[in-house]
Amino acid sequence: MASLFDNAATVELALAHYRQPHRFYHDAAHVQEMMALARRLKLHLSPAEELAVLWHDAVYVPGAEKGLNEKLSAKLMLATAANGPDFFATTDKVVLASAERIVLETTHAGEPSEEAARVIDLDLYRLGSPWPEFDRHAHAIEREFRVLYESPEKFWIARANFYRSMLQRPHIFTTPLFRERYEAQARDNATGVDVAALR
């Protein structure tokens with residue numbers, strides 16, 4: 001089965017939403033990195049998983065109510081499928097329903113379902129990347145959220161609390177492949193930010 005990622009028109013239809021000027025991490029490069037990582041790890045994602053990768057952050061408003069961006073991203077994907085041009089990836093209701101459920105799980109609020117696990121791990125990959133890349137990721141997030149905080153210090157305290165919540169989980173990544181490759185580095189990274197932010 002051909003990958004949706006190889007359909008330039010399908011990919012561009014989604015990526016157009018990621019080019020807003022307020023995006024410094026949740027941008028087209030983030031989605032392209034997820035696509036490239038899936039290929040590099042030979043994950044052979046299903047069409048629903050590929051759609052979820054493409055659309056999971058299509059709507060991204062920093063500071064939005066928890067889950068709202070994901071709900072709107074899923075609705076935008078479904079609306080595009082229903083009313084978009086012929087090159088949209090699929091109108092298969094089963095595939096779209098699965099993609100919608102996966103997108104809704106990218107809040108990272110708890111243990112993901114088996115259906116969403118690989119997309120969730122791809123989305124969290126930067127937590128387990130080498131420290132320089134992880135540090136760039138953290139500062140890109142800070143640029144996106146800068147408008148919400150009175151000072152950088154307040155952002156970093158909030159970010160440290162997020163990392164602390166991740167460290168309290170039994171594991172950060174869900175699938176065995178990601179745990180084996182990235183879990184230890186993710187925990188080292190999160191611990192380093194936690195200490196630095198609270199000094």
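Predicted model: local features only at pLDDT ≥ 70, side-chain atom pairs only at ≥ 80, totals over all residues.
Ground rules come first. Local features here need pLDDT of at least 70, side-chain atom pairs count only at pLDDT 80 or more, and totals for chains, interfaces and linings use all residues. Residues are numbered from 1 along each chain as its sequence is written, and side-chain values use heavy atoms, with hydrogens and water left out. Helices are DSSP runs (H or I, at least four residues), as are strands (E, at least two), numbered from the N terminus.

Start with α2, residues 28-40. What span should its 13 residues have? The expected span is 1.5 Å times one less than the number of residues. That gives 18 Å, and the end C-alpha atoms are 18 Å apart, so the two agree.

Now burial. Buried means under 20% relative accessible area, exposed means over 50%, and partly exposed is in between, with a 1.4 Å probe and protein chains only. In α2, the buried residues are Ala-28, His-30, Val-31, Met-34, Met-35, Leu-37 and Ala-38. Glu-33 also sits in α2. Glu-33 counts as partly exposed because its relative accessibility is 21%. Set aside neighbours within four places in sequence, and Glu-33 is in contact (heavy atoms within 4.5 Å) with Tyr-125 and Arg-126.

Just after α2, Lys-42 takes a positive phi of about 55 degrees. Then look at His-44, in the loop between α2 and α3. His-44 is not a glycine, yet its phi is positive, near 50 degrees. His-44 is exposed, with a relative accessible area of 69%.

On to α3, residues 47-55. How many of its nine residues are buried? Eight, so the helix is mostly covered. They are Ala-48, Glu-49, Glu-50, Leu-51, Ala-52, Val-53, Leu-54 and Trp-55. What do they pack against? The partners are α1 (8-15), α2, α4, α5 and α6 (117-123).

Next, helix pairs. Two packed helices are described by the angle between their axes and the distance between the axes. Axes are lines fitted to C-alpha atoms, for helices over the stretch in contact, and angles run from 0 to 180 degrees between N-to-C directions. Under 35 degrees counts as roughly parallel, over 145 as roughly antiparallel, 65 to 115 as roughly perpendicular, and the rest as oblique.

Take α3 with α5. The angle is about 45 degrees, and the axes are 8 Å apart. The two are therefore oblique to each other. From α3 the contact uses Pro-47, Ala-48, Glu-49, Leu-51 and Ala-52; from α5 it uses Val-95, Leu-96, Ser-98, Ala-99, Ile-102 and Val-103.

Now α4 (residues 68-83) with α5 (residues 93-105). They pack at about 160 degrees, axes 8 Å apart. That makes α4 roughly antiparallel to α5. This crossing is right-handed. Residues Glu-70, Lys-71, Ser-73, Ala-74, Met-77, Leu-78 and Ala-81 of α4 meet Leu-96, Ala-99, Glu-100, Val-103 and Leu-104 of α5.

Last, the loop between α5 and α6. Thr-106 lies there. Thr-106 counts as buried, at 5% relative accessibility. Beyond its neighbours within four places in sequence, Thr-106 contacts His-56, Glu-70, Val-119, Ile-120 and Asp-123. His-108 is in this loop too. His-108 has a positive phi of about 60 degrees, although it is not a glycine. Is His-108 buried or exposed? Buried, with a relative accessible area of 16%.

Terms used
Left-handed = near helix turned anticlockwise from the far one by under 90°.
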